[in-house]
Amino acid sequence: MSEILTKSRARNVFYGGSLFFIAIFVGLTVHSHRYVVNQSTAGMDLSEQVVAGKHVWERNSCINCHTLHGEGAYFAPELGNVMTRWGVQDDPEMAWQMLDGWMKAQPSRIEGRRQMPFFELT
C-alpha cells in the first residue's frame with residue numbers, strides 16, 4: 001500500500017466524505033420533521049389554564065428574570081422543572097400549597113440575596 005496521498009485519493013476522500021455527511025444531514029432532517037409532525041406537542045391546542053398561565057407570564061414579565069425550558073434570562077431559577085425539584089409533580093394540591101407559601105414569603109429580605117418582588121398572583 002502506498003504511503004502517499006495522491007490528488008485523486010484526496011479528491012475521492014473529500015467527495016466521499018462530503019456525500020456521506022450530506023446523507024447523514026438529510027436523514028436527520030427527515031427524522032426531525034417526522035418527529036415534530038407526529039410526536040411533538042407543539043401543534044396541540046392550548047387549554048384555558050395554559051392560556052391563562054401564558055398571560056400571567058407575559059403580564060408580569062417573568063422572562064426578564066426566569067428561564068422556561070432554556071428560554072429567558074438566567075437571573076432567577078429555571079421554572080420548567082420547579083415541581084420536580086420540590087418533589088410535588090404528582091400532587092397538584094401540595095404543589096399549589098408549596099407555590100403559594102413560597103410566593104407569600106417573597107421577598108425574603110435576606111441581605112445580599114437576589115429577591116423576587118411580591119406579585120399578588122392568584
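**Reading the model together**

Guide: Let's begin with a database record: in an unreviewed entry, UniProt lists residues 48-122 as "domain: Cytochrome c". Keep in mind that the model on your screen is predicted.

Visitor: What is the chain like over residues 48-122?

Guide: One way to read a region is by its helix and strand content. Here, residues 48-122 are 40% helix and 5% strand, with the end C-alpha atoms 15 Å apart.

Visitor: Which residues does the "transmembrane region" annotation cover?

Guide: That annotation, also from an unreviewed UniProt entry, covers residues 12-30. In the model this span is 100% helix and 0% strand, and its end C-alpha atoms lie 27 Å apart.

Visitor: Now a single residue, please. Is T67 buried or exposed?

Guide: For this we compare the relative accessible area with a cut-off: buried means under 20%. T67 has a value of 3%, so T67 is buried. You will find T67 in strand β1, which runs over residues 67-68.

Visitor: Which residues does T67 touch, leaving out those up to four places away in sequence?

Guide: T67 touches W57, G72, A73, Y74, P77, E78, L79 and G80. With E78 there is also a polar contact of 2.6 Å, joining the two side chains.

Notes. Residues are numbered from 1 along each chain as its sequence is written. This is a predicted model: local features need pLDDT of at least 70, side-chain atom pairs count only at pLDDT 80 or more; totals for chains, interfaces and linings use all residues. Side-chain values use heavy atoms; hydrogens and water are left out. Helices (H or I, at least four residues) and strands (E, at least two) are DSSP runs, numbered from the N terminus. Buried means under 20% relative accessible area, exposed over 50%, partly exposed in between (1.4 Å probe, protein chains only). A polar contact is a pair of N or O atoms within 3.5 Å; within protein, one must be able to donate a hydrogen and the other to accept it, and residues adjacent in sequence count only if both atoms are side-chain atoms. Contact means heavy atoms within 4.5 Å. UniProt positions are given in the numbering used here, feature names are shortened, and annotations may be inferred rather than shown by experiment.
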